[in-house]
Amino acid sequence: MLTNQRSMIPKIGLAGVGIGVLTAFAPVYLGLVVSAIGVVFLFFARFEQTVLGLLILRSALDPFSAQQIPSLFAIGVDVLTLLYVAVSLLTGRIVRTDKFWWFFVIWVALQGLGVILIPLEEQGLDAAAFIDSIREWVRLFSWLMVYLLVMQLQDRLHPQKIISALFFALILPLTAATMQMLVPTSLLPSVLQATKDPISGEISRINGTLGLANTFATFLLLFIGLTYWKLNQSQRRWPWLILLVVLGLFYVNTKTLFSLMMLGTLILVLIAPRLSLINLIGGAFLFALVIALFGSSEFGQQRLTSLTQTPLLNPDLDISRAILLSHGDGNSFNWRLAQWSLLIQAWEQSPVLGYGLATSRYLTIYNNYAHNDYVRALAEGGILGLLAFLFFVGIQATHLIELLGRTFSTKAQRDLCRVLLAILAAVVVGMITENIWSHTTFFFYWWTLFAVATWNWDRPNLNLGTGE
């Protein structure tokens with residue numbers, strides 16, 4: 001009898017652990033289940049409002065990446081979109097698409113070949129690389145679903161009303177960024193702990209709710225472009241002018257060097273169609289002001305000074321020496337040169353097809369992302385992958401240019417296309433030194449705007465207000 005009791009002790013212990021785990025996480029899982037049921041109900045009962053709510057909510061999720069909330073959100077949006085399409089087809093309702101979406105479908109499908117490549121190739125990549133590759137493809141597929149979901153709002157909501165609603169997505173990120181700037185680090189919740197200064201321990205680079213300062217910068221850049229568009233569309237210009245200044249101040253406090261190049265590109269492309277001496281002076285003054293604000297702090301000065309210790313601004317320092325110095329000088333640009341060099345060396349071993357989707361961080365000693373989306377595309381997809389990536393970006397630019405030439409496009413629509421072209425040009429430049437392709441939140445809103453830009457904005461049944 002005693003033996004039986006002893007044998008039951010481990011079982012009781014395991015059962016206790018299991019009950020403890022369920023007790024600890026049951027409220028979280030229960031909350032997620034209840035929320036999911038509620039969203040599904042609202043999705044079909046109040047489709048337009050629920051879609052806008054989901055679009056607004058996305059900007060607040062990144063602090064919970066450790067709990068996989070952004071991934072669950074993306075999968076949930078995918079499932080909801082596919083469910084809506086299935087119900088629409090079964091009930092005979094129209095599923096809205098356009099030519100670009102079908103091109104998008106083909107491109108995402110081809111990216112799946114990069115997933116299949118990993119187990120087929122004998123490159124020594126482990127199961128973790130394969131899982132990351134699958135996760136990356138699902139992320140790209142989610143962009144496709146966001147585009148399709150937003151397309152279903154066509155003829156239901158006016159594009160300007162949708163764009164105006166997107167500005168609510170700024171509330172939580174800017175609130176978090178304000179706390180990071182003003183509240184002592186010790187009083188901030190752990191999910192809002194941004195990049196700290198190694199000496200003072202205080203936050204030196206803000207990231208809002210976007211996880212990293214770099215991702216926050218691209219998010220802000222997109223809304224700077226949108227705010228400029230609203231400024232030119234509204235009769236009451238001063239609220240948008242104030243917002244533009246506020247976004248600029250937050251943008252500077254991200255302290256990201258690549259963001260300066262992106263902002264300069266954005267300004268240049270925006271003023272180019274209306275190039276005049278006044279616009280040129282105004283654009284130069286604005287960019288100079290941003291540089292001055294960027295360098296007003298000690299951390300910003302250090303970031304700018306670091307450029308003088310790179311081959312970019314130091315003719316006495318060649319690339320090979322910069323790569324050697326990168327192991328100990330703490331210069332992020334020189335580190336990037338070393339990372340790109342190692343990735344190109346890896347690519348030379350598999351030049352045509354590369355190593356597979358999302359494998360670049362497994363190909364060098366740094367175990368880090370490429371920090372150059374063109375080098376990433378080359379290493380992961382080979383020559384064919386790089387050409388496909390450039391073609392995809394080029395098609396987006398071509399599509400926006402075609403929209404500018406449409407006879408029935410309204411002035412507001414053409415102006416939006418110009419702003420999107422400026423943002424795309426800035427992204428193309430930023431991709432030289434950054435992992436912008438991994439900035440999921442930015443592309444979540446990018447594909448939303450790209451979708452509504454294609455609609456006929458002047459149809460009578462869209463006279464639902466402009467959100468001014």
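On a 1 Å grid over the protein atoms alone, a cavity is a set of points where a 1.4 Å probe fits but cannot get out, and its lining residues have an atom within 4 Å of a point. Grid points are joined across faces, edges and corners, and a volume is the space filled by probe spheres set on the points. By this rule there are two cavities of 30 Å³ or more. Keep in mind that this is a predicted model, where local features need pLDDT of at least 70, side-chain atom pairs count only at pLDDT 80 or more, and totals for chains, interfaces and linings use all residues. Residues are numbered from 1 along each chain as its sequence is written, and side-chain values use heavy atoms, with hydrogens and water left out.

Let's start with the largest cavity, at about 70 Å³. Its lining includes Val393, Gln396, Trp437 and Trp446. Helix 16 (373–404), helix 17 (411–430) and helix 18 (440–452) each put in at least two residues; helices here are DSSP runs (H or I, at least four residues), numbered from the N terminus. Sorted by class, that lining has nine nonpolar residues, one polar and no charged, with Ala, Val, Leu, Ile, Met, Phe, Trp, Tyr, Cys and Pro counted as nonpolar, Asp, Glu, Lys and Arg as charged, and the others, Gly among them, as polar.

The second largest cavity has a volume of about 40 Å³. Leu54, Leu55, Val77, Val146, Leu149, Val150 and Phe444 line it. Helix 2 (47–57) and helix 6 (127–151) are the elements giving two or more of these residues, and helix 6 has the largest share, with three.

Notes:
On a 1 Å grid over the protein atoms alone, a cavity is a set of points where a 1.4 Å probe fits but cannot get out, and a pocket is an open set with protein on both sides within 12 Å along at least five of seven lines; lining residues have an atom within 4 Å of a point.
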